[in-house]
Amino acid sequence: MTSDKKSKPEDRGAAFGRKAGRLFKRSGPELKRLVEEHRPKVEKAGRDAFQYAKEHEEEIRGLALKGVRMRAGPLGMMVDALAPQPPATDQNAEPVCPSCKTKNTPVAKFCSQCGTKLAGTSPDL
């Protein structure tokens with residue numbers, strides 16, 4: 001038999017812990033380099049996701065309510081009655097930015113190009 005099989009479980013655990021510690025210590029600099037290399041990409045993806053969520057807020061809210069209604073079954077009618085209804089708008093109308101003249105999605109509150117507040121949005125934002 002080898003000495004590993006004869007050794008006590010505590011000894012094997014300690015040896016494993018030492019090996020794992022050395023592995024983590026050696027991988028630290030590489031991990032830091034990877035984090036620094038990819039940080040700008042991750043931050044940009046987060047900003048893009050936040051911007052998308054802002055631009056499509058009403059659509060996301062509507063889909064969430066639809067999911068609640070589907071899970072609620074008969075109680076879905078109650079959810080419909082209590083949920084605030086979105087204002088009736090022409091879904092085909094594309095708001096045009098007063099600043100840069102870019103066409104935006106119908107639910108956009110801010111211009112997707114320059115960030116200017118679009119006409120017809122509520123003042124509490």
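The model is predicted, so local features need pLDDT of at least 70 and side-chain atom pairs count only at pLDDT 80 or more, whereas totals for chains, interfaces and linings use all residues. Residues are numbered from 1 along each chain as its sequence is written, and side-chain values use heavy atoms, with hydrogens and water left out.

**Exercise 1.** Determine which secondary structure elements the protein has and in what pattern they follow along the sequence.

Solution. Begin with the assignment rule, in which helices (H or I, at least four residues) and strands (E, at least two) are DSSP runs numbered from the N terminus. Under that rule the protein has four helices and zero strands, and reading along the sequence gives the pattern α-α-α-α.

**Exercise 2.** Decide whether H56 is buried or exposed, and find which residues H56 touches.

Solution. First locate H56, which lies in the loop between α2 and α3 (57-72). Next apply the burial classes (buried under 20% relative accessible area, exposed over 50%, partly exposed in between, with a 1.4 Å probe and protein chains only). H56 has a relative accessibility of 11% and therefore counts as buried. Finally, taking contact to mean heavy atoms within 4.5 Å, H56 touches T105 and V107 when residues up to four places away in sequence are not counted. For the protein as a whole, buried residues make up 10% of the 125 residues.

**Exercise 3.** Examine the salt bridges, and state how many there are.

Solution. The criterion is a side-chain nitrogen of Lys or Arg within 4 Å of a carboxyl oxygen of Asp or Glu, and by this rule the count comes to seven salt bridges. One of them joins E30 to R33, with the closest N and O atoms 2.7 Å apart; these residues are three apart in helix α2 and so are separated by about one helical turn. E36 and R39 also meet in a salt bridge, at 3.2 Å from N to O, and both lie in helix α2, three residues apart. D48 and K44 form a further bridge at 2.8 Å, N to O, this pair being four residues apart in helix α2, about one turn of the helix. Beyond these pairs, E57, E58, R61 and K109 are linked in a network of salt bridges.

**Exercise 4.** Classify the exposure of each of E30, R33, D48 and K44.

Solution. E30 has a relative accessible area of 40% and is partly exposed, as is R33 at 41%. D48, at 40% relative accessibility, counts as partly exposed, and K44 is likewise partly exposed at 44%.
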